[in-house]
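Have a go at each task before you read its solution.

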Amino acid sequence: MCQLLGMNANTPTDIVFSFTGFSTRAEEHKDGFGIAFFEGPGVRCFVDHQSANSSPIAEMVRRYPIKSDNIVAHIRKATQGRVALENTHPFVRELWGRYWVFAHNGDLKDFRPKLHAAFRPVGDTDSERAFCWLLQELAKNHASVPSVTDLSDTLRELVAPVARHGAFNFVLSNGQALWAHGSTKLHYLVREHPFRAARLQDADVTVDFAEHTTPRDRVAIVVTEPLTADEPWVAFEAGQLLTFADGAPLVTPKRPFARHA
């Protein structure tokens, strides 16, 4: 199963700490990686069909503190589509004059929707087909970019028919907010004042966030499996879609994760 990572913050923030732990999971997920950073209306997107363990691009990301308020990253373990650059997440498209970035974890069986010319996959993954279909249907429902709340309502309706084809864990952003859907496994965490130290589960790295933040800062991290061993991660309910803006979920979750991990 692929690994997802998303970040949404109320001020531009780097993801070096989280990506360091996240990229170690490429030992079991060797079929490529990618990461996209929103900067205003623009997007920096880095993808490589090499493993994040050996890719020089991944090494650059681990050392280069690019600051962004919305980030989407993915480590691939191929289920559909060959190991190739065009099949490497995240995928990027334009809609309503904004970039949209999408990464998926799961396996959609027999999902072959009708797609028109504006949104067609370049590769041959179920993930890119799902992304194209979501944007196509969003364009049908709204003539111009709607509010984050209206987008969330429409996405909630669109996700259900796709999820009937299999596991549909994803993170999606247009730079205004971060949307995340948990079909089988997804977790999130909000870091805010008072900040404290955190230790990665997958690497011997600890950071005291109190030394690098202000009391006004807030950041939400979405990931397949919890990244740290000492923070209160929250598990998504099956079929739950959450919207993150300004570093926090817009809808309060109903149930906490059973353990701190």
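Before you start, a term you'll need: two residues are in contact, or touch, when they have heavy atoms within 4.5 Å of each other. Also keep in mind that this is a predicted model.

**Exercise 1.** Find out which residues L138 touches, leaving out those up to four places away in sequence.

*Solution.* Step one: skip the residues up to four places away from L138 in sequence. Step two: go through what remains, and you get L95, W96, W100, L151, T154, L155 and L158.

**Exercise 2.** Describe the largest nonpolar core and say where its residues come from.

*Solution.* Start with the count: this core has 29 residues, and W100, F102, L138, F168, L172 and W179 have the most contacts inside it. Next, look for elements giving two or more residues; among them are strand 5 (91–95), helix 3 (126–141) and helix 4 (148–163). Helix 3 gives the largest share, seven residues. Finally, look elsewhere: another core of 22 residues lies apart from this one, and includes L5, A52, I66 and V219.

**Exercise 3.** Work out which strands stand at the edges of the open seven-stranded sheet.

*Solution.* First write down the order, 3-2-4-1-12-9-13, with antiparallel pairing. Then check the edges: strand 3 (42–48) and strand 13 (234–235) each have a single partner strand, so one side of each has no neighbour in the sheet.

Note on methods. Residues are numbered from 1 along each chain as its sequence is written. This is a predicted model: local features need pLDDT of at least 70, side-chain atom pairs count only at pLDDT 80 or more; totals for chains, interfaces and linings use all residues. Side-chain values use heavy atoms; hydrogens and water are left out. A nonpolar core is a set of buried Ala, Val, Leu, Ile, Met, Phe, Trp, Tyr and Cys residues joined through side-chain atoms within 4.5 Å. Buried means under 20% relative accessible area, exposed over 50%, partly exposed in between (1.4 Å probe, protein chains only). Helices (H or I, at least four residues) and strands (E, at least two) are DSSP runs, numbered from the N terminus. Two strands pair if DSSP finds at least two bridges between them.
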